[in-house]
Amino acid sequence: MNFFFLQTGLKRFSFWLQTLGAGGLFMLALLDSAATPTAGAPDALLLVLATQGQAFFAALVATLGSTAGCVILYLISRAAGAVALNRFSEVARERTLRWLARYDLLAIFVAVILPPPFPLKVFVVSAGVLRLRLSRFIAAVLLGRALRYGLLAWLAYHYGDEAKELFALHYRQIGLSLALALITGWLLYRLIKRRRVGGSSSRATGVAD
């Protein structure tokens, strides 16, 4: 029952933060990343501020607030250990740990780009439990959020209310498309890099022979 009242109080607090402009955006982004999800409220407030001519500042504030929230959750999870993952289903835990083991912080980078209701927190908590290097974790979150919020702010600044309507209708599809484009680019980079390394090794062997 106490947890229910806490969640309700946090949601009411998030609604109040939306009236405070850029300062509210920072706290809202922090709260959304560190505590209870706010159903895309930081994105919505960022769009409003960007259409008012504060695109760069709003994107910066949202990025810093969300990164701070992720770092707080990471540190709490790191201190708590494996017990921090008990709040998530076994399927979510195993899938996330498998992705982190395979893709390392690329998984975090993509996760922070994807829009709600993508379960970002299980990735952040898992990173803390696995004790991934904090500096690299911060870099992945900072770059991912900067890309996401920067794109949102740029579109809102240039297209105004049309951008709001676009995101209202196709918010998830845009986020998924961006994430898929990044993953595809990373895979192509890895493929080209492997071929170059393989080609260099072959030439070196030929010279040695």
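**Figure 1. Helices α2 (21–34) and α3 (41–80) each supply at least two residues of a nonpolar surface patch.** The view is taken from a predicted model, in which local features need pLDDT of at least 70, side-chain atom pairs count only at pLDDT 80 or more, and totals for chains, interfaces and linings use all residues. Residues are numbered from 1 along each chain as its sequence is written, and side-chain values use heavy atoms, with hydrogens and water left out. The patch, of about 650 Å², is made by F26, M27, F56, F57, L60, L64 and L142. A patch consists of residues with over 30% relative accessible area and no salt bridge, like charges being joined within 9 Å and nonpolar side chains (Val, Leu, Ile, Met, Phe, Trp, Tyr) within 5 Å. Accessible areas come from the Shrake-Rupley method with a 1.4 Å probe; for residues, only the protein chains shown count as cover. Helix α3 gives the most to the patch, with four residues. F57 lies in α3 and, at 44% relative accessibility, counts as partly exposed; buried means under 20% relative accessible area, exposed over 50%, and partly exposed in between (1.4 Å probe, protein chains only).

**Figure 2. Helix α6 (residues 120–129) is largely enclosed by the rest of the structure, because 10 of its 10 residues are buried.** The protein chain contains eight helices and zero strands; helices (H or I, at least four residues) and strands (E, at least two) are DSSP runs, numbered from the N terminus. The buried residues of α6, including F123, V124 and V125, pack against α2, α3, α4 (90–103), α5 (105–113) and α7 (134–159). After α6 comes R131, whose phi is positive, near 60°.

**Figure 3. The largest nonpolar core has 29 residues, and those with the most contacts inside it are I108, V124, V125 and F137.** Elements α3, α4, α5, α6 and α7 give two or more residues to this core, and α5 gives the most, with nine residues. A nonpolar core is a set of buried Ala, Val, Leu, Ile, Met, Phe, Trp, Tyr and Cys residues joined through side-chain atoms within 4.5 Å. Apart from it lies another core, of 17 residues, among them A55, V61, Y149 and A153. F137 touches C70, V71, Y74, L105, I108, V124 and A127, not counting residues up to four places away in sequence; contact means heavy atoms within 4.5 Å.

**Figure 4. T63, placed in helix α3, is buried, with a relative accessible area of 5%.** The T63 side chain reaches the backbone oxygen of A59 at 2.7 Å. Residues up to four places away in sequence aside, T63 touches L142, R145, A146 and Y149.

**Figure 5. Two salt bridges are found in a search of the whole structure.** A salt bridge is a side-chain nitrogen of Lys or Arg within 4 Å of a carboxyl oxygen of Asp or Glu. In one, the side chains of D43 and R148 meet (2.7 Å, N to O). This pair links distant parts of the chain, with D43 in helix α3 and R148 in helix α7, 105 residues apart. Both D43 and R148 are buried. The side chains of D104 and R136 also meet in a salt bridge (2.5 Å, N to O). D104 lies in the loop between α4 and α5 and R136 in helix α7, so the pair ties together parts that are 32 residues apart in sequence. D104 is partly exposed, with a relative accessible area of 27%, and R136 is partly exposed, with a relative accessible area of 38%.

How values were computed
A polar contact is a pair of N or O atoms within 3.5 Å; within protein, one must be able to donate a hydrogen and the other to accept it, and residues adjacent in sequence count only if both atoms are side-chain atoms.
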